[in-house]
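Student: I have a chain to study and several questions about it. Can we work through them one by one?

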Amino acid sequence: MSETDSLKQESRMFEPPADLARNAAISGMEGYRTLCAEAERDYEGFWARLANENLAWHKPFTKTLDESAAPFYKWFEDGQLNVSYNCLDRNLQNGNAGKTAVIFEADDGKVTRVTYQELHDKVCQVANGLKSLGVKKGDRVVIYMPMSVEGIAAMQACARIGATHSVVFGGFSAKSLQERIIDAGAVAVVTADEQVRGGKQLPLKAIVDEAIGMGGCEHLKSVVVYRRTGGNVAMQAGRDLWLHDVTANQPATCEPEFVGAEHPLFILYTSGSTGKPKGVQHSSGGYLLWAMLTMKWTFDIKPDDIFWCTADIGWVTGHTYIAYGPLAIGATQIVFEGVPTYPNAGRFWDMIARHKATIFYTAPTAIRSLIKASEADANVHPKNFDLSSLRILGSVGEPINPEAWMWYYKNVGREKCPIVDTFWQTETGGHMITPLPGATPMVPGSCTLPLPGIMAAVVDETGNDLPNGQGGILVVKRPWPSMIRTIWGDPERFKKSYFPEELGGTLYLAGDGSIRNEKTGYFTITGRIDDVLNVSGHRMGTMEIESALVAHPLVAESAVVGKPDETTGESICAFVVLKRARPEGDEAKQIAKELRDWVGKEIGPIAKPKEIRFGDNLPKTRSGKIMRRLLRVLAKGEQITQDVSTLENPAILDQLKQAQ
């Protein structure tokens with residue numbers, strides 16, 4: 001069996017529910033094809049129409065796309081708008097002032113509801129407070145905050161005054177924070193005394209102090225601290241201020257700073273990068289347009305929906321589908337401070353039931369961990385909770401294994417909720433390839449088809465189109481409004497990373513491998529390009545092998561990496577978490593043999609892992625991202641010298657050194 005056969009063999013297909021399809025923003029495949037045809041026929045006209053229909057412009061644009069300095073594309077460049085105005089003021093004007101914008105649930109279960117009027121007032125006070133500290137249009141502000149209404153307000157406040165924010169995930173180390181403060185040239189940091197996760201109070205302000213103490217942050221003038229826990233923190237006179245003091249006497253109105261559509265809304269540093277941090281720079285107009293459109297198209301958002309994206313604002317998912325998209329569309333959303341397993345692994349299902357969530361958007365990592373938890377404890381299985389309010393499910397962050405997809409579909413969605421399996425990246429600003437809930441027949445493990453206006457393709461190493469059924473490199477052939485504009489301060493790295501000369505310099509390189517189904521043309525992501533293994537001349541995506549392992553009834557989660565091999569060039573090393581206790585000794589050897597045989601049967605003998613290593617868990621960041629770079633080091637038997645401060649569970653590294 002070839003490396004792509006198992007991906008081609010997935011034949012299960014699930015049609016969208018008829019009642020949902022009837023009323024969907026994009027209804028049926030005919031509706032989808034009509035929009036795609038409009039984009040093909042008049043690309044610039046298509047985007048101009050959508051920008052005029054969806055955004056409130058202070059000064060209308062006259063030029064849609066400027067390609068003269070490609071790949072530094074500009075969209076709607078001579079138009080002016082304000083992102084915060086589009087998210088908040090418009091809701092006050094259209095009758096949503098009293099509508100709940102955010103249902104915030106703290107780690108301990110305390111619930112706070114905030115209306116659009118209240119959120120607007122809070123944002124204006126924070127914006128005025130930042131201005132009183134001298135923060136102005138074009139300045140950069142680093143936000144190092146817990147999941148909170150205050151975190152969202154800080155982001156919106158920056159947008160309101162034309163400052164560019166850079167949110168740093170609260171699990172990142174002092175060194176990572178320092179690098180980002182320096183690279184962005186930030187004049188202020190907004191943080192909290194502590195954050196609360198899983199019943200534990202974790203420092204934030206102390207880490208900010210440590211980061212600044214490392215040096216290089218001379219341009220930083222102010223540190224604004226939100227009092228989340230009341231924990232004891234050191235405050236440096238003349239630099240550090242409490243958020244409540246900064247906003248205390250500020251008016252609840254703040255005139256928005258209208259900026260050009262290309263004005264940098266935010267810089268977000270991609271996780272897992274080596275060397276100098278890679279600051280992905282996004283625009284204001286094009287980014288917000290795509291945030292709104294994908295809320296409408298992918299999530300089919302309606303006025304009475306209760307939307308819940310479980311991401312952190314430290315990641316792009318939390319930017320587009322918490323801080324901006326839901327607010328720009330006037331939705332009510334749930335914002336959650338805690339973790340899915342506290343006080344028990346039924347927390348997500350309990351919250352959906354209590355808040356009557358209708359759209360639920362989470363990561364495959366979370367789904368797989370909850371599958372394992374529900375196998376171990378029947379009380380936290382989703383079947384014990386009233387999930388009848390749900391109408392759409394979503395998946396984000398990585399490809400979802402077909403078996404995890406099926407579990408999600410059956411046990412959470414009760415076989416009536418379409419799953420939007422969204423492929424996109426920090427660099428794309430929003431969804432790129434995804435099923436549409438009222439249009440696209442779904443196939444487990446496939447992100448299906450590109451959104452209208454996204455010209456995605458699969459090419460070889462020289463940029464030539466490959467036929468369906470042949471795996472290759474995922475690219476986008478034409479610029480689109482929400483795409484990365486540059487890498488902050490490093491335009492040459494931007495060109496080299498995303499528009500490489502070997503592909504002709506005009507194709508956007510996603511960095512992922514993909515294959516299209518021969519019959520349907522559906523895309524399936526096979527893993528990062530550097531996660532494509534070459535074993536004895538056979539190319540295999542790590543995702544393909546991981547999916548086969550997770551399909552085994554004993555396996556809860558797996559991660560596959562390559563390691564150098566004298567005979568085969570590369571051999572396969574699999575890290576496996578079982579649904580039961582970690583095996584040792586002869587039992588481990590026996591299960592490893594069983595799993596090898598299983599993979600051989602599922603994919604072919606060439607795909608059998610040479611090594612299988614068992615752990616209680618996989619090394620993950622506190623946001624749930626598997627740290628594959630550490631697994632590659634472990635596979636090679638080398639010493640780990642990288643920073644592991646963002647790891648949630650460093651102890652399991654020792655478990656994973658032992659091969660079977």
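Predicted model: local features only at pLDDT ≥ 70, side-chain atom pairs only at ≥ 80, totals over all residues.

Student: Where is lysine 356 found, and is it buried, exposed or partly exposed?
Tutor: Lysine 356 is found in the loop between α13 and β18 (359-362). Its relative accessibility is 44%. Buried means under 20% and exposed over 50%, so lysine 356 counts as partly exposed.

Student: What is the phi of lysine 356?
Tutor: Most residues other than glycine have a negative phi. Lysine 356 is not a glycine, yet its phi is positive, at about 55 degrees.

Student: Which loop holds glutamate 415, and what is its phi?
Tutor: Glutamate 415 has its place in the loop between α15 (402-412) and β20. It is not a glycine either. Even so, glutamate 415 has a positive phi of about 60 degrees.

Student: Where does proline 343 lie, and what is the peptide bond from tyrosine 342 to it, cis or trans?
Tutor: Proline 343 is in the loop between β17 (332-336) and α13 (347-355). Most peptide bonds are trans. The bond from tyrosine 342 to proline 343 has omega near 0 degrees and is cis.

Student: What is the omega of the bond from alanine 70 to proline 71?
Tutor: Proline 71 sits in the loop between β1 (65-66) and β2 (74-75). The peptide bond that reaches proline 71 from alanine 70 is cis. Its omega is near 10 degrees.

Student: Which UniProt domain is placed at residues 32-87, and how much of that stretch is helix?
Tutor: UniProt, in an unreviewed entry, places "domain: Acetyl-coenzyme A synthetase N-terminal" there. The end C-alpha atoms of residues 32-87 are 27 Å apart.

Student: Is glycine 199 buried, exposed or partly exposed?
Tutor: Glycine 199 lies in the loop between β9 (194-197) and β10 (200-203). An unreviewed UniProt entry lists it under "binding site", with Arg197 and Lys200 among the others. Its relative accessible area is 44%, so glycine 199 is partly exposed.

Student: What about phenylalanine 423: buried or exposed?
Tutor: Phenylalanine 423 is in the loop between β20 (419-421) and β21. An unreviewed UniProt entry includes it in a "binding site" annotation, which also covers Trp424 and Asp512. With a relative accessible area of 11%, phenylalanine 423 is buried.

Student: How far is glycine 438 from isoleucine 392 in space?
Tutor: Glycine 438 has its place in the loop between β20 and β21. At a relative accessible area of 1%, it is buried. Glycine 438 and isoleucine 392 are 46 residues apart in sequence. In space, their C-alpha atoms are 9.9 Å apart.

Student: Which strands pair with β22, and how many of its residues are buried?
Tutor: Strand β21 (residues 456-459) runs antiparallel to β22 and is joined to it by four bridges. Strand β24 (residues 508-516) also pairs with β22 in the antiparallel sense, over four bridges. Valine 458 stands opposite leucine 474, while valine 475 has leucine 509 as its partner in β24. β22 is mostly covered, with five of its five residues buried.

Student: In β30, which residue is the bridge partner of cysteine 573?
Tutor: Strand β29 (residues 569-578) runs parallel to β30, with four bridges joining them. Ile612 and Phe614 point one way from β30, and Glu611 and Arg613 the other. All four are buried. The partner of cysteine 573 is glutamate 611.

Student: What radius of gyration does the chain have?
Tutor: The C-alpha trace spans about 70 × 60 × 50 Å along its principal axes. Of the 660 residues, 64% count as buried. A compact globule with 660 residues would have a radius of gyration near 26 Å, which agrees with the chain's value of 24 Å.

Notes. Residues numbered from 1 in each chain as written. Heavy atoms only, no water. UniProt positions renumbered as here; feature names shortened; annotations may be inferred. Helix = DSSP H or I, 4+ residues; strand = E, 2+ residues; numbered from the N terminus. Buried < 20%, exposed > 50% of the residue type's maximum accessible area, 1.4 Å probe, protein only. Pairing = 2+ DSSP bridges. Rg over C-alpha atoms; globule rule 2.2 N^0.38 Å.
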